[in-house]
Amino acid sequence: MYTVTIEELRKAIPTIGTELTPIIQSEPGCGKTSLLKLIEEDLGDKYDYIYVDCPVKDMSDIAMTIPNHATKTLESYVGSLFKMESPKPKVILLDEFMKSPKLLQVIFTRLMLERHVGDTPLPEGSIVFGTSNNQSDGVGDTMLAHAGNRVCIMQMEKPNADAWIPWAGNNGVSALIRAWVHMFPRSLNSYLDDGQEDNPYIFQPKKPQLSFVTPRSLAKASIIVENRDILGENATLSALAGTIGVSASGDMSAFLSLEKQLPRFDDILKNPEKIDIPEEISAQLMLMFQATDRLKTQDELTKFMSFTNRIPSSEMQAVFFTMMVRSKNSRGLARNNMQIAKWATDNHELF
């Protein structure tokens, strides 16, 4: 099976999507829908951006024929969803296209093939793409064969831990969740990978489950983790179980309990050369991920590097270095720091 990453797709869709409609497939919660936002970031306000939630739409949302009493004919009126009053070209996402009612799939087929909504053409240069779950996911995705032959079906690679963690850092996901994923990278494996039949964290189409770990559910769990002191231990565990699944919630709760072993961040910056370093690797990881969010000045970063350099494991130091240079919120700070530059030179063999 050929697969493409989400970064490859954000380039491919605008490139081919004016003439050929890509239909992006992946298992649930992998970030397919976020492609519309990523493309908007890349292309700016030259386009109108339109999200179509296909399973909940009906004919009246797309187009209707209205009597013209003057000509005694029927005219096609396009739904306001498509912003046809604007002359801008459109970027249209047909989300969950393969869950559309069959009649709408026929209507959408003309949109995908001819760039028409009903009988009305889209502005020149408009881009159309769709998303769907894998048919092997067993969640009701089907497509007529003749329609499938008119589009470009592409399999999106599920983001693994290495790909998801920098995205999560750039999008406000809790540092503690990111650290947990680093400790438990198999939580973002795919059921399509070999040897995942007994993976307790992930979506398994052959098992009845509503809550499991995905990039989406991890991001949604962030508000639970950030408010766990208000929720209390029992409600936090219950909320996590209902968001990322029972197995992941138990392991994450145990991981979060290690936070009590952490020195206060301000105390690290006050005395980086002498403050005790937590012995638990998990606790060290928490500090590394928290630091990428909290460090704001060159002085703070230099002090924290003095602390980091005391950690016996160069691999743990590398975690901090990698997060600093891959996060858009901290890479500028890292690039101009002499301690970071020295560490990178001294440890170049790690990369």
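The structure holds 15 salt bridges, each a side-chain nitrogen of Lys or Arg within 4 Å of a carboxyl oxygen of Asp or Glu. This is a predicted model: local features need pLDDT of at least 70, side-chain atom pairs count only at pLDDT 80 or more, and totals for chains, interfaces and linings use all residues. Residues are numbered from 1 along each chain as its sequence is written, and side-chain values use heavy atoms, with hydrogens and water left out.

**Salt bridges**

- Arg-228 pairs with Glu-259, and their closest N and O atoms are 2.0 Å apart.
- Arg-228 sits in helix H10 (residues 228–231) and Glu-259 in the loop between helix H12 (246–257) and helix H13 (265–270), so this pair ties together parts 31 residues apart in sequence. Helices (H or I, at least four residues) and strands (E, at least two) are DSSP runs, numbered from the N terminus.
- Arg-228 is buried at 18% relative accessibility, whereas Glu-259 is partly exposed at 26%. Buried means under 20% relative accessible area, exposed over 50%, and partly exposed in between (1.4 Å probe, protein chains only).
- Asp-299 bridges to Lys-303, with 3.2 Å between the closest N and O atoms. Both lie in helix H15 (residues 298–308), four residues apart, about one turn of the helix.
- Asp-299 is partly exposed at 46% relative accessibility; Lys-303 is partly exposed at 32%.
- Arg-264 and Asp-267 form another salt bridge, at 3.0 Å from N to O. Asp-267 is partly exposed, with a relative accessible area of 29%.
- A network of salt bridges links Glu-7, Arg-10, Glu-41 and Asp-42.

**A buried glutamine**

- Gln-290 belongs to helix H14 (residues 281–294). Its relative accessible area is 15%, so Gln-290 is buried.
- Leaving aside residues up to four places away in sequence, Gln-290 touches Ala-175, Leu-176, Glu-259 and Leu-262. Contact means heavy atoms within 4.5 Å.

**Surface patches**

- Patches are built from residues with over 30% relative accessible area and no salt bridge; like charges are joined within 9 Å, and nonpolar side chains (Val, Leu, Ile, Met, Phe, Trp, Tyr) within 5 Å.
- Asp-193, Asp-194, Glu-197 and Asp-198 form a negative patch. Lys and Arg count as positive and Asp and Glu as negative; His and the chain ends are not counted. A charge is placed at NZ of Lys, CZ of Arg, CG of Asp or CD of Glu.
- Asp-193 lies in the loop between helix H7 (175–183) and helix H8 (215–220). Asp-193 is partly exposed at 39%.
- Met-64, Ile-66 and Tyr-77 make a nonpolar patch of about 290 Å². Accessible areas come from the Shrake-Rupley method with a 1.4 Å probe; for residues, only the protein chains shown count as cover.
- Tyr-77 lies in strand E4 and is partly exposed, at 49%.

**Backbone**

- Lys-72 has a positive phi of about 55 degrees, although it is not a glycine. Lys-72 lies in the loop between strand E3 (63–68) and strand E4 (73–78) and is exposed at 76%.
- Glu-96 has a positive phi near 55 degrees. Glu-96 is in the loop between strand E5 (90–95) and helix H4 (102–114).

**Whole chain**

- The protein chain has 18 helices and nine strands. Its C-alpha trace spans about 90 × 45 × 40 Å along the principal axes.
- Of the 351 residues, 48% are buried.
- The chain exposes about 17,800 Å², and carbon and sulfur atoms supply 53% of it.
- There are 36 positive and 44 negative side chains; the centres of the two sets lie 3 Å apart.
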